[in-house]
Amino acid sequence: MTHNPKHDPNGRSVRLGRRGFLRGAGLVAATAPLAGCFDGLGDRDGTIRNVMETANSLTYRVQRMLLGMDDLAREYSESEIRQPQRPNGSTDPRDPDYLALVASNFSPYRLEVKGAVGRPLSLSLGELRAMPARTQITRHDCVEGWSCIAKWTGVPLSHVLDEAGARADARFVVFECFDTLGGGAGAAKYYESIDMRDARHPQTILAYGLNDQGLPVSNGAPLRVRIERQLGYKMAKYIRSITVTDDLSGFGGGAGGYWEDRGYEWFAGI
Ligand SMILES: Nc1nc2c(c(=O)[nH]1)N[C@H]1C(S)=C(S)[C@@H](COP(=O)(O)O)O[C@H]1N2
Ligand SMILES: [Mo]
């Protein structure tokens, strides 16, 4: 499946999702329990988005104000996992370097951590799995209007950033991926970026496990990021490197992500 910006809910650029809004207002308990994967979320915040400003920078500031630094996204119980996590975007990368990793069961895989760090790292999956782990059952919201609840296990990104000695005042973390998305002249490597606040958020993990199993190829093996307060397209799968930087202009088309280069907003808070 691919995203067509024309089909993007027209308020996505300014969306202040119901969850985020109610959480900000302290009304989480009033939201209906949601379970499994389901469609039809397109209108869920129609009222709110219509009254919000359109400038992404303003949205960003407003959401940051409402959400706070460390507010947690809602976590669910085991019984609320009803279906497998629905694979979307790239689900079976054909890039030769990725296929080579699949062929050797990811044993040669190394996560590169570089940029504004005191100690650049090259981490094997064994090293990542030996780090402190966090498991969380959370809801994934795709901009296309579907959601899934799934259980993710991985190492907090903040731990990896600490190990690498990431510069404390650096602004962004960029994820570069193995997969190429799109065809013909539009084909490009997937990448994403987040600010340091989301990078250091306690629920931001580099996940290698899904629903108590290893992460499947369709969901981003061997490593994908979870950023629980933003939409699905921010959560890079098939991560090959992490770069700490103040400047997004050197990556992809310069807008901070594959979909951002094609018109999506950089801050996709929900
Ligand atoms: N590398 C990479 N990451 C990606 C994508 C992709 O195509 N390539 N798609 C994004 C989108 S739009 C969504 S909704 C989620 C889908 O994650 P899932 O396949 O685990 O459901 O991954 C995101 N991360
Ligand atoms: Mo998505």
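## Cavities

A search of the whole structure, which is a predicted model, finds two cavities of 30 Å³ or more, a cavity being a set of points on a 1 Å grid over the protein atoms alone where a 1.4 Å probe fits but cannot get out. The largest cavity holds about 240 Å³ of space, the volume being the space filled by probe spheres set on grid points that are joined across faces, edges and corners.

Its lining, made up of residues with an atom within 4 Å of a point, comprises 22 residues, with Asn-88, Gly-89, Tyr-190, Gly-232 and Lys-237 lying nearest the centre of the largest cavity. The lining residues divide into 10 nonpolar, eight polar and four charged, where Asp, Glu, Lys and Arg count as charged, Ala, Val, Leu, Ile, Met, Phe, Trp, Tyr, Cys and Pro as nonpolar, and the others, Gly among them, as polar.

Strands β5 (residues 172–181) and β6 pair in the antiparallel sense over seven bridges; strands are DSSP runs of E of at least two residues, numbered from the N terminus, and pairing requires at least two DSSP bridges. Val-173 has Ile-194 of β6 as its bridge partner. Six residues separate β5 and β6 in this hairpin, and Gly-182 in the turn has a positive phi of about 85°.

Because six of the eight residues of β6 (residues 188–195) are buried, this strand is largely enclosed by the rest of the structure, buried meaning under 20% relative accessible area with a 1.4 Å probe and protein chains only.

## Cysteines

Cys-142 is buried at a relative accessible area of 8%, and Cys-177 is likewise buried at 2%. The count of disulfides, defined as pairs of cysteine sulfur atoms within 2.5 Å, comes to zero.

## Basis

Residues are numbered from 1 along each chain as its sequence is written, while chains are lettered from A and ligands numbered from 1 in the order in which they are written. In this predicted model local features need pLDDT of at least 70 and side-chain atom pairs count only at pLDDT 80 or more, whereas totals for chains, interfaces and linings use all residues, and side-chain values use heavy atoms, with hydrogens and water left out.

Conventions. Buried < 20%, exposed > 50% of the residue type's maximum accessible area, 1.4 Å probe, protein only. Helix = DSSP H or I, 4+ residues; strand = E, 2+ residues; numbered from the N terminus. 1 Å grid on protein atoms, 1.4 Å probe; cavity = no way out; pocket = protein on both sides within 12 Å on 5 of 7 lines; lining within 4 Å.
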